[in-house]
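Please look over the sequence and the model before reading on.

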Amino acid sequence: MQLQVARIGKPHGIRGEVTVQVLTDAPGDRFVPGTRFVVEPASAGPLTILGARWNKDILLLAFEEIETRNEAETLRGAKLFIETEELDEDDDDEGWYEHELVGLDVRVGGKVVGKVSGLNTLKVQDLLVVTSTDGKEILIPFVEQIVPEVNVAEKFILVTPPPGLFEVNAEEAAEEAAATPDAEAGDNA
C-alpha cells in the first residue's frame, strides 16, 4: 500500500527546486537524498530526491530528474507517495494515517453522525475532517478527550464532542470554504 507523504507546491528558484506541503510526522527520515517516490499523476514520476533543505518553515526539494524551473512547474500539485512496506513495523505508538481513517463512520454514542473524509495534520494537533449525514463538513480536534476510540477493524470512530462543537466547526468550515475560491483565484494570477 502507498502512503502520501507530501504534495508539491510551486517552484523555488531557477534550478528546479520545489516547495512541498509535508504530510508526514517524520520529514527528516522521509526526505533524504536517494529516496525515490511514487508520484501521482504517474506521468510526473517516479522522482528521486537530490537534496532537501528548509527555508524558514517551508521544505524545499530538488529531484535528480528535474533541472529547471519550467520542469519544476509541471510538478505543481503532484502527490508524493512511499510504499508502506518501507515503514518501520516496530512503530507501536498510537497513531493513524489518513488512508486508515477516511471512510470510517463517526459515532456519537450509538448514533452515526457522519464519515471521516480527511485528516488535517497541523503543528499543534490534528483535525479530523468529517462529512456529517446532512452533507456539512465538520472539523473535530483529534485528541483523546474528544475521540476516545478509533476502531479501524470495525470501521468506526467514537466521538464525545463538547456541546456546540458540531455547530461551531460546521460554521467555520463553511466560512473557510467560501473564502477558498478567492484565495485560489489570487494564487493563479
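The text below goes from the whole chain to its strands, its backbone exceptions and some of its side chains.

## The chain as a whole

The model described here is predicted. The chain has 189 residues, and 36% of them are buried. Its secondary structure consists of four helices and twelve strands. The accessible surface of the chain is about 11,600 Å², and carbon and sulfur atoms account for 50% of that area. Contacts between residues at least 6 apart in sequence can be sorted by how far apart the partners are, and 47% of them join residues at least 24 apart.

## The six-stranded sheet

Six strands form an open sheet with mixed pairing, in the order E10-E9-E8-E7-E12-E11. Strand E10 (137-141) and strand E11 are its edges; each has a single partner strand, so one side of each has no neighbour in the sheet. On average, neighbouring strands of this sheet are turned by 35° against each other, direction ignored.

At one end of the order, E11 and E12 pair in the antiparallel sense over three bridges. Val150 stands opposite Ile157 of E12.

E3 and E4 run antiparallel and are joined by two bridges. Arg36 has Thr48 in E4 as its bridge partner.

E4 also runs antiparallel to E5, and six bridges join these two strands. Gly51 stands opposite Ala62 of E5. The hairpin of E4 and E5 has two residues between its strands, and Lys56 takes a positive phi there.

## Backbone exceptions

Most residues other than glycine have a negative phi, and most peptide bonds are trans.

Which residues does a cis peptide bond join? The bond lies between Glu40 and Pro41, with omega about 10°. Pro41 belongs to the loop between strand E3 (36-40) and strand E4 (47-55).

The other two places concern phi. Lys56 is not a glycine, yet its phi is positive, near 60°. Its position is the loop between E4 and strand E5 (58-63). Lys155 is also a residue other than glycine with a positive phi, near 60°. Lys155 sits in the loop between strand E11 (149-151) and strand E12 (156-158).

Are these two lysines buried or exposed? Lys56 has a relative accessible area of 77%, so Lys56 is exposed. For Lys155 the value is 54%, and because exposed means over 50%, Lys155 is exposed as well.

## Aromatic rings

How many aromatic pairs does the model contain? The count comes to one aromatic pair. The pair consists of Phe31 and Phe37, with ring centres 5.8 Å apart and planes at 40°, so the pair is tilted. Phe31 is buried at 5% relative accessible area. Phe37 is buried too, with a relative accessibility of 1%.

Another ring has a charged side chain over it: Arg107 lies over the face of Phe156, at 3.9 Å from the ring centre.

## Ile157 and its surroundings

Ile157 is part of strand E12. Its relative accessibility is 1%, so Ile157 counts as buried. Which residues are in contact with Ile157 when its neighbours within four places in sequence are left aside? The contacts are Leu104, Asp105, Val106, Arg107, Val116, Leu128, Val147, Glu149 and Val150. Two of these names have come up above: Val150 stands opposite Ile157, and Arg107 lies over the ring of Phe156. Val108 is 49 residues away from Ile157 along the chain, and the C-alpha atoms of these two residues are separated by 8.8 Å.

## Accessibility values

The table gathers the residues whose relative accessible area has been given.

| Residue | Relative accessible area | Class |
|---|---|---|
| Lys56 | 77% | exposed |
| Lys155 | 54% | exposed |
| Phe31 | 5% | buried |
| Phe37 | 1% | buried |
| Ile157 | 1% | buried |

Technical notes. Residues are numbered from 1 along each chain as its sequence is written. This is a predicted model: local features need pLDDT of at least 70, side-chain atom pairs count only at pLDDT 80 or more; totals for chains, interfaces and linings use all residues. Side-chain values use heavy atoms; hydrogens and water are left out. Buried means under 20% relative accessible area, exposed over 50%, partly exposed in between (1.4 Å probe, protein chains only). Two strands pair if DSSP finds at least two bridges between them. Axes are lines fitted to C-alpha atoms, for helices over the stretch in contact, and angles run from 0 to 180 degrees between N-to-C directions. Contact means heavy atoms within 4.5 Å. Accessible areas come from the Shrake-Rupley method with a 1.4 Å probe; for residues, only the protein chains shown count as cover. Rings of Phe, Tyr and Trp (its six-membered ring) pair if their centres lie within 6.5 Å; planes under 30 degrees apart count as stacked, over 60 as edge-to-face and the rest as tilted. A charge sits over a ring if NZ of Lys or CZ of Arg is within 6 Å of the ring centre and within 35 degrees of the ring normal.
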